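Then turn to the helices and to the ligand.

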Amino acid sequence: MTLHVDGVSYAYGAKPALDGVGFRAERGRFTALLGPNGAGKSTLFGLLSGLLTTRSGRIEVAGHDMARAPRAALAAMGIVFQQTTLDLDLTVRQNLRYFAALRGLSGRAAGPRIDAALERLNMAERAGEKVRALNGGHRRRTEIARALLHNPQVLLLDEPTVGLDAAARRGITDHVHDLARDGMAVLWATHLTDEVAADDHLLVLHRGRVLADGPATDVTGNRPLAETFLTMTSTPA
Ligand SMILES: Nc1ncnc2c1ncn2[C@@H]1O[C@H](COP(=O)(O)OP(=O)(O)OP(=O)(O)O)[C@@H](O)[C@H]1O
């Protein structure tokens, strides 16, 4: 079960933001979508999450066409946006409970799912704490746990480590790699080359186009990724 994107284009008025973007994010794989500022990552996430729509191209999630069956497509996805959307005055558990209700999960069904999701992100001990009292890394973990509640097959994360220190960044990156190892299709947008592991699948997006698509080691050859990325994105697309 995967995310398929084919020939997707999008423009803000006359200004193109995505130009014929196509790729696959497969089950059990961590797919890193690496692009500098303005590459089109947020626009792509807007289309994948149904906030934006386009007539050019096709997005399919776990076999459901985003244009024809958006509810089924969205139900198969967990999404972590760049900006946090937690209620700071609720506890971790209350935030998850609220979201579970929005997703149509009854209290009885939600409880075990919440416990499992918090456990998975090493957040079980903090379930009763107010989000306001958590550091940035733990807030992010809470958001990722929340995105897993409805057992999605595809997990999308838009620059989820923005504003975190190095240790928290590493923790979150490692946790999400584990989720991919456990069988999820993960699409992780970033502009930071050190978040990409050698065995990740790598997409390089620049000026709305996919410039590279393959195992990270194939894309970089023997060179450091940071160097490859700078070379690719410093020349006009
Ligand atoms: N609402 C908008 N109206 C007009 N142009 C926009 C709008 N949102 C984004 N753009 C433009 O579309 C292009 C892609 O932007 P997008 O935000 O998708 O890139 P990004 O890779 O997410 O960048 P960042 O890392 O800075 O968020 C950029 O040239 C940007 O200026």
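Leu3 has Ala25 in β2 as its bridge partner. Strands pair here if DSSP finds at least two bridges between them. The elements themselves are DSSP runs, numbered from the N terminus: helices are H or I of at least four residues, and strands are E of at least two.

This is a predicted model; local features need pLDDT of at least 70, side-chain atom pairs count only at pLDDT 80 or more, and totals for chains, interfaces and linings use all residues. Residues are numbered from 1 along each chain as its sequence is written.

β1 and β2 sit in an open sheet of four strands, ordered β2-β1-β4-β5, with antiparallel pairing. Its edges are β2 and β5 (64-65), each of which pairs on one side only. Helix α1 packs on this sheet and touches β1, β2 and β4 (58-61). Contact means that the C-beta atoms of two residues, placed from the backbone, lie within 7 Å. The direction of α1 makes about 65° with that of β2. Such angles run from 0 to 180 degrees between N-to-C directions, and the axes are lines fitted to C-alpha atoms, for helices over the stretch in contact.

Now the other sheet. Six strands form an open sheet in the order β6-β7-β8-β3-β9-β10, and the pairing is mixed. β6 (77-80) and β10 (209-215) are the edge strands, each pairing on one side only. Neighbouring strands of this sheet are turned by 15° against each other on average, direction ignored.

Look at β3 within it. On one flank, β3 and strand β8 (residues 185-190) pair in the parallel sense over six bridges. On the other, β3 (residues 29-34) and β9 (residues 201-206) are parallel over four bridges. Ala32 stands opposite Trp188 in β8. Ala32 also stands opposite Leu202 in β9. Thr31 has His201 as its bridge partner in β9. How many of the six residues of β3 are buried? Five are, so the strand is mostly covered by the definition used: buried means 20 or more other C-beta atoms within 10 Å of a residue's own, exposed means 12 or fewer, and partly exposed lies in between, with C-beta atoms placed from the backbone.

Next come the helices. α5 (residues 136-148) lies across β6 and β7 (154-158), running at about 160° to β6. The buried residues of α3 (residues 92-102) are Val92, Arg93, Asn95, Leu96, Phe99 and Ala100. They cover an arc of only 160° around the axis, which puts them on the same side of α3. The arc is that of the directions from the helix axis to the C-beta atoms. These buried residues pack against α4 (107-120) and α5. On the other side of α3, Ala101 and Leu102 are exposed. Gly104 follows α3, with a positive phi near 85°.

Last, the ligand. The residues around the ligand include Tyr12, Lys15, Asn37, Lys41, Ser42, Thr43 and His191. A residue counts if its C-beta atom, placed from the backbone, lies within 6 Å of the molecule. Which elements give two or more residues to this shell? They are β2 (15-25) and α1 (41-48). α1 supplies the largest share, three residues. The shell divides into three nonpolar, seven polar and two charged residues. Ala, Val, Leu, Ile, Met, Phe, Trp, Tyr, Cys and Pro count as nonpolar, Asp, Glu, Lys and Arg as charged, and the others, Gly among them, as polar.
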